[in-house]
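Here are some notes for your reading of this model. Please keep the sequence and the structure open side by side as you go through the points.

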Amino acid sequence: MGALAIIAAISLDKSLVDPEGFLGPAWTRLPLLVGAALFVDLIPRALWISRGRPKEWGPLIKARWNEHWDRERFTLVALGIGCFYVVYVCYRNLKSFLPSVMGDANYDRELDLLDHAIFLGHEPASVIHAIFGTTISAHVLSSIYVLFIPMVAVLVAIWCVWSRNISYGYWFVTSQCLIWTLGTATYYMLPSLGPGLEYPWRYQDLAHTGTTDLMNSLYNAREAFLWWDGYGGAQTVAAFASLHTGVTLLWALMVQYTVKIRWVHWVMWANFGCTVVATLYFGWHYVADDVAGIAIALISFYLGGIASGQKFDRHGLSSHPTTTTSKVPIERESQH
């Protein structure tokens, strides 16, 4: 991804940009998240176990440091954060280069006709709006959809820092790198804008939400990228495949296979389901975009598991690790 982004930038005579998000640009955002996770892992834990007795804080922090923050953990954090940072930044740049490389190629019409066929001649937007309404549901779905943006980096940090088995951390980050790479490839396979930008009148009755502002900002950034020579930012409009759908499914699968807490499973699967609805509700994606997002999520999940030493059982419905850390032997992991 790094080499491809550099070659594309040189060929198009463009500069690579570092995408900004919450907490600033990615090169500061991810280290800050790791630092915050390190702080949370050491300080509040010591306060809780010691029940506020200051004399016990030092030994508890030292014990946790020696137990959890060993060489294997630091290697995972460095490799995981570093590799994901490179892939994500290159994804954003290659996505931005899409109009410059593909020109006027656009498959929105074909994808929209497919949507009408799937919905028996009806517009998906009108059907979904009739089912869920256009006010309260708009705010709920918007909150869930927009939450995706900060969670991308947060969950990478969580899996690197707190995975009980080191191989789970590698599985998560490897799968993340794969899905963002495959998502970039699908943008070039089938360039499209999405129904919300191609057919905006279908969504005019929706209540104004954060998603409305986000879509408007993306549209304005795309127009500036296409027509303003002095614009130094990136455009981030591309519909096929839906990475919101794919990545939230990947999160749900990782939780299902590596986390034992039942309510967390329900939360992540509900997040995935609501995200799929939101992609169609607001016009971010066509049905085919969501199907493609699911496909690349399954591919990334499986290949990431194989690459990180997971053994799939029961025709892929469960798994167990075949590699581990010096602190968590396979024998103890298999007993749980």
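In which loop does Ala241 lie? Ala241 lies in the loop between helix H11 (210-227) and H12, where helices are DSSP runs of H or I with at least four residues, strands are DSSP runs of E with at least two, and both are numbered from the N terminus.

1. The model is a predicted one, in which local features need pLDDT of at least 70 and side-chain atom pairs count only at pLDDT 80 or more, while totals for chains, interfaces and linings use all residues. Residues are numbered from 1 along each chain as its sequence is written, and side-chain values use heavy atoms, with hydrogens and water left out.

2. Please look at the peptide bond that joins Phe240 and Ala241, which is cis, with omega at about 5°. Most peptide bonds are trans, and most residues other than glycine have a negative phi.

3. Asp13, in the loop between helix H1 (2-12) and strand S1 (20-21), has a positive phi near 60°. Asp13 counts as exposed because its relative accessibility is 72% (exposed means over 50% relative accessible area, buried under 20% and partly exposed in between, with a 1.4 Å probe and protein chains only).

4. Leu120, in the loop between helix H6 (108-118) and helix H7 (124-132), also has a positive phi, near 55°.

5. His244 lies in helix H12 (residues 243-258) and counts as buried because its relative accessibility is 14%. Leaving aside residues up to four places away in sequence, His244 touches Tyr145, Phe148, Thr275 and Thr279, where contact means heavy atoms within 4.5 Å.
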